[in-house]
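Here is a note to read with the model open beside it. Take the points one at a time, and find each element before moving on.

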Amino acid sequence: MVAVTLPQLSLSMEEGKVLRWLVGDGDRVEAGQPIVEIETDKATIEVEAPEQGVIRLVAAEGAMLAVETTLAEIAPTAAGEPAPSRAAAAPPANANGGRPVASPAARRLAAERGIDLSTIRGSGPGGRIVARDLERLAPAPASSPAERPGLREAVTANIVASWQRIPHIQIGGELAAEGLAEARRRASLPSGEKVTVTDLLILAAVRALADVPELNGAAGRRAERVHLSLAVATQDGVVAPVIRDAGELSLAQVTRERARLVGAAREGALDPHDLAGGTFTLSNLGAYPVDFFSPVVSGPQVAMLATGRLAEKPVAIDGMLAIRHRLWANVAIDHRAADGETGARFLAALERRLEELPNRI
Amino acid sequence: MTEAGTAAGSELLELTMGEAINRALDEAFAAGEPIMHLGQDIGPHGGTFGVTRGLWDRYGDEVIRDGPLCESATVGFAIGLAISGVRAVVEIEFFDFVGVAMDQIFNQAAKLHYFTGGKLTVPLVIRTPIVARMGMGPQHSQSLEAWFMHIPGLKVALPSGPADAYGLMRSALRDVNPILFIENVRLYGRRGPVEPGRSVPFGKARVLREGDDATVVALSGMVHEALAAADTLAERGISVEVIDPRTIAPLDMETILASLRKTMHLAVAHDAHRTGGFGAEIAARCMEEGFDFLDAPVERVAALDVPIPCAPNAMAAVYPDAASVVAAVERLLALETADR
Amino acid sequence: MIVTLPVPVEQAPVGERPADLDDERLLRLHHDMVRVRAYEEEVVDAFRAGLIPGSTHPCIGQEAIKAAAIDAIEPTDLVLATYRGHGETLLKGVDPVAIMAELMGRQTGINRGKGGSMHLADPSVGLLTTNAIVAGHIPMAGGVALSCRFRKSGQVVLCFFGDGASCEGEFFETLNMSMLWKVPLVFICENNGVAISVPAEKSQATPDIADRARGFGMPALVVDGNDVLAVRAAVAEGVARARAGEGPTFVECKTLRWEHHSGFSSGGKDADERRRRREAVDPIARYRKSLVAWGVAGEEELAGVETEAREWVKRVRAEAEAAPLTGPESIWDDIYAPVPE
């Protein structure tokens with residue numbers, strides 16, 4: 001069996017969309033025959049069959065897949081052999097009123113691995129998605145299906161799925177951050193707990209989401225309340241515990257909750273409730289000499305804010321050189337939910353909210 | 001009774017399934033407790049299929065008791081013996097004749113313990129062979145085990161080989177419940193190793209062959225067809241797990257479900273008719289208790305829902321065989337099949 | 001003498017007092033019949049009051065057969081009977097409160113409420129089981145008798161059944177097998193002339209069911225089932241034969257059923273006529289007539305037994321009624337008997 005994978009057509013290409021199959025499932029194909037149209041950010045290209053044989057389609061039309069993902073498999077046959085007929089015709093897998101036809105086992109495996117069944121073409125009778133179709137797309141994690149996937153595996157699976165599914169746009173800019181800097185200087189809590197830049201960024205981001213609510217939400221629904229996922233680096237990788245109802249919290253409450261969740265994350269003591277239900281993610285790498293990074297949106301959320309270091313930079317003001325605090329902020333957005341203009345408005349709102357911080361803490 | 005052998009240092013015997021059952025009966029009759037075997041042709045004749053050969057010579061008329069040809073009263077007498085201190089074994093010569101004795105089996109034997117609030121026990125073994133595939137026609141060819149699985153209070157065993165036949169008969173003759181011990185004429189001649197003293201417990205299935213791609217649960221004669229099918233499929237790189245439940249009441253569903261969770265593809269194979277057969281019960285339970293592990297619907301490999309005809313080619317079209325099991329596994333795995 | 005119906009009380013001859021039964025024994029027979037009558041009448045009353053679920057089958061009018069047969073056996077002998085078996089169950093020694101509680105579906109019932117009126121059993125006093133399937137218990141009785149012979153226990157088995165059962169295949173099979181194997185069994189056929197609603201002339205090819213037993217070479221007697229002493233003598237003859245190892249005996253008792261099969265006569269155009277016909281052959285009245293004639297007891301004393309019996313059964317009923325109903329807590333019990341290690 002020969003796998004036909006999504007080719008990397010340029011160095012920068014990370015993913016492509018299956019636009020249209022040019023052959024049918026079970027057809028005999030010749031080596032070099034075009035079998036599928038792929039859309040990249042640059043162009044639409046045709047992919048050819050590497051061998052002759054009988055083709056089994058794996059990826060569904062419309063699926064956005066990472067480079068190297070298996071698109072189809074070809075069972076080589078000798079020339080002149082007739083293609084064996086399949087037991088049943090294969091209508092598209094999501095012919096069932098929009099709900100993919102899948103075996104119960106396939107559904108379970110898809111749920112466990114965070115795979116969207118609508119991106120898979122079924123090889124079972126009548127186009128039913130069966131377990132082996134998921135194996136082809138994303139091999140099973142090391143743990144057996146009967147066990148609960150570990151936290152790390154679940155996070156990785158979600159990253160993979162998000163990367164494959166979500167069409168990202170990244171809107172970034174270097175924002176004025178004097179307000180942030182001053183707030184950091186002045187902020188102190190009666191309890192003596194230390195207020196960090198992250199705490200202030202949380203406050204500002206949450207307020208900016210009130211100005212641009214299109215970016216707050218998950219699973220296709222705009223959310224009323226903000227449950228902010230905070231990316232935390234731990235020994236086992238990045239996890240994102242959720243600060244619930246962040247829009248209602250004071251600075252003191254944010255600080256306390258942030259400290260609690262980060263501590264628990266680092267000790268591996270988070271429970272599933274802490275990780276569920278986030279509507280927007282903040283990832284702050286400002287402790288490092290990092291200005292810009294483009295994160296992967298954490299599906300099913302629609303946006304993630306990546307912030308770099310708070311630093312003094314030379315700027316031009318009224319034609320004169322000056323030194324001001326600046327902060328690079330990049331918002332990654334699911335392009336299906338919002339576009340560049342929304343991201344731009346969000347950054348504008350964020351900049352305003354950062355500037356007003358000294359008066360509102 | 002556990003499966004651990006109880007006779008230390010005993011050598012393995014090579015016995016046919018008929019000889020194995022004979023040996024278990026012999027041991028029970030020799031043990032000295034009150035026990036009697038009723039039936040027809042079981043005495044000097046040694047049984048139509050030779051299973052009781054030699055017992056009458058050893059134990060005589062009182063104990064190995066040929067009687068009139070009346071299954072109903074014969075089973076009734078056996079129940080009477082059982083409830084008053086004498087363990088009873090009855091042979092119903094062909095499984096097809098069990099209908100004549102049905103009331104005694106399902107209304108009396110099965111229920112006496114229950115409706116007397118536990119005061120009467122019925123240590124009764126009803127032995128009867130499936131006479132499938134012998135070309136004897138519709139009334140001499142049936143596998144009716146599903147009827148008895150349906151009745152609370154009965155135990156039902158279907159050994160597929162000598163060791164299990166011996167071990168299950170040993171357990172049956174120590175049990176105090178009414179038991180349908182379903183033998184198989186085509187399997188009586190099968191040879192295999194038997195460990196003297198080793199009982200096989202009721203309610204424990206046996207995994208005869210391990211596999212990862214599909215599970216076949218098979219009864220009685222179809223066990224061997226399933227194993228042959230597994231060999232055929234192995235040549236194509238498909239690994240099939242074969243399970244013999246051995247007793248269908250009580251039934252070891254846990255072993256079957258564990259296999260389903262592993263392979264996600266399950267077929268049931270039996271000589272009985274498809275509708276309302278054992279396979280239907282397994283399919284329902286897999287759906288109820290293993291739904292999320294079903295990658296395909298449960299396949300039932302069974303006799304067609306027609307009376308079994310006499311002529312060989314007609315008969316062959318009705319019963320399933322190894323090829324039917326292979327085809328079922330192919331459907332489970334949604335493989336392509338050559339035209340059959 | 002072949003008797004086709006019970007002889008009416010008025011016409012029944014008193015005859016000689018049996019030499020082998022003393023006063024106490026004679027009075028006990030009366031006492032037993034009266035108790036069974038009182039018990040069954042109370043059961044009818046309880047049924048009409050809705051206390052007995054399902055159905056019940058009283059033996060009112062057939063008490064002589066029960067009392068006579070049980071009197072002819074030893075406590076160690078064994079009895080199997082039908083769903084119309086409250087009488088023999090009671091007389092064999094099963095606790096009357098436990099029987100009543102079983103009918104009422106109570107936890108203190110003899111079968112914990114799981115069997116009901118048609119499935120009474122108490123092996124500890126030799127009442128192995130009653131049965132709801134017509135003739136279903138007959139071959140089992142044969143097997144129990146075979147067991148007694150095999151174990152050389154010296155026990156005899158009585159098997160009660162009706163004219164309806166004598167038409168089932170298993171009945172004939174059992175006659176054959178019992179004679180063949182010479183089992184110590186006495187068949188007691190209560191021919192009350194009707195099987196549910198089908199009269200004997202529509203189900204019996206010959207006038208006497210005993211003919212069937214004779215067809216298998218079995219000794220068979222036909223007696224007036226409402227003459228308690230005649231029944232007793234016939235059963236005793238069969239018991240003696242069985243105990244001597246000479247095989248089974250068939251005793252056909254001609255009698256009359258007072259109530260409907262299981263529902264109860266609730267009037268109707270000919271209710272009075274039917275009552276007249278029944279009371280005319282009342283076995284208790286007939287026996288009372290003999291006892292008085294022989295000077296064994298006076299009318300008042302005998303009437304006193306009836307009063308005492310009615311009071312007794314009221315106490316029995318009250319105690320049974322007070323017990324808790326059997327609920328779902330025991331439905332999974334006793335499906336299988338535990339297997340010894």
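**Notes on a predicted model with chains A, B and C**

1. Start with what is apart. Chains A and C do not touch, and 32 Å separates their nearest C-alpha atoms. Keep in mind throughout that this is a predicted model.

2. Which chains share the most contacts? There are 2 pairs of chains in contact, and of these chains B and C share the most. Chain C puts 34 residues into that contact, and chain B puts in 38 residues.

3. Look at the chain C side of this contact. Three elements of chain C each give two or more residues to it: β2 (127–131), α5 (138–151) and α6 (169–181). The largest share comes from α5(C), with 10 residues. By class, this side of chain C has 16 nonpolar, 11 polar and 7 charged residues.

4. Now turn to the other contact of chain B. Here 10 residues of chain B meet 13 residues of chain A. What classes of residue does chain B bring to chain A? The side of chain B that touches chain A has 6 nonpolar and 4 charged residues, and no polar ones.

5. Stay with chain B and find its sheet. Five strands form an open sheet in the order β9-β11-β10-β13-β14 of chain B, and the pairing is mixed. The edges are β9 (206–209) and β14 (299–303) of chain B, each of which pairs on one side only. On average, neighbouring strands of this sheet are turned by 25 degrees against each other, direction ignored.

6. Strand β13 (residues 266–273) of chain B runs parallel to β14(B), and the two pair over 4 bridges. To find the place, look for Ala267(B), which stands opposite Glu299(B) in β14(B).

7. Two helices pack on this sheet. Helix α8 (residues 222–234) of chain B touches β9, β10 (214–218), β11 (240–244) and β13 of chain B. The direction of α8(B) makes about 170 degrees with that of β11(B). Helix α10 (residues 278–290) of chain B touches β10, β13 and β14 of chain B. The direction of α10(B) makes about 155 degrees with that of β13(B).

8. Helix α1 (residues 23–48) and helix α2 (residues 63–71) of chain C pack at about 135 degrees, with their axes 9 Å apart. The crossing is right-handed.

9. Which residues of α1(C) meet α2(C)? They are Leu29(C), Asp32(C), Met33(C), Val36(C) and Arg37(C). From α2(C) come Glu63(C), Ala64(C), Lys66(C), Ala67(C), Ala68(C) and Asp71(C). The residues of this contact divide into 6 nonpolar and 5 charged, with no polar ones.

10. Chain A has a helix pair too. The axes of α5 (residues 197–211) and α8 (residues 340–355) of chain A come within 8 Å and cross at roughly 130 degrees. That makes α5(A) oblique to α8(A). Their crossing is right-handed. Helix α5(A) brings Ala204(A), Ala205(A), Arg207(A), Ala208(A) and Asp211(A). Helix α8(A) brings Phe346(A), Ala349(A), Leu350(A), Arg353(A) and Leu354(A). By class, the contact has 7 nonpolar and 3 charged residues, and no polar ones.

11. In chain A, 6 strands form an open sheet in the order β9-β18-β17-β16-β12-β15, with mixed pairing. Its edge strands are β9 (168–176) and β15 (242–243) of chain A. Strand β9(A) pairs with β18 (residues 320–334) of chain A in the antiparallel sense, over 9 bridges. Ile171(A) has Val331(A) in β18(A) as its bridge partner. Helix α5(A) packs on this sheet and touches β12 (228–230), β15, β16 (280–284) and β17 (303–317) of chain A. The direction of α5(A) makes about 150 degrees with that of β16(A).

12. Last, check the confidence. Chain A averages a pLDDT of 84, and 86% of the residues score at least 70.

Definitions and conventions:
Residues numbered from 1 in each chain as written. Chains lettered and ligands numbered in written order. Predicted model: local features only at pLDDT ≥ 70, side-chain atom pairs only at ≥ 80, totals over all residues. Contact = placed C-beta atoms within 7 Å. Nonpolar A, V, L, I, M, F, W, Y, C, P; charged D, E, K, R; others polar. Axes fitted to C-alpha atoms, helices over the stretch in contact; angles between N-to-C directions. Left-handed = near helix turned anticlockwise from the far one by under 90°. Pairing = 2+ DSSP bridges. pLDDT = per-residue confidence, 0-100. Parallel < 35°, antiparallel > 145°, perpendicular 65-115°, else oblique.
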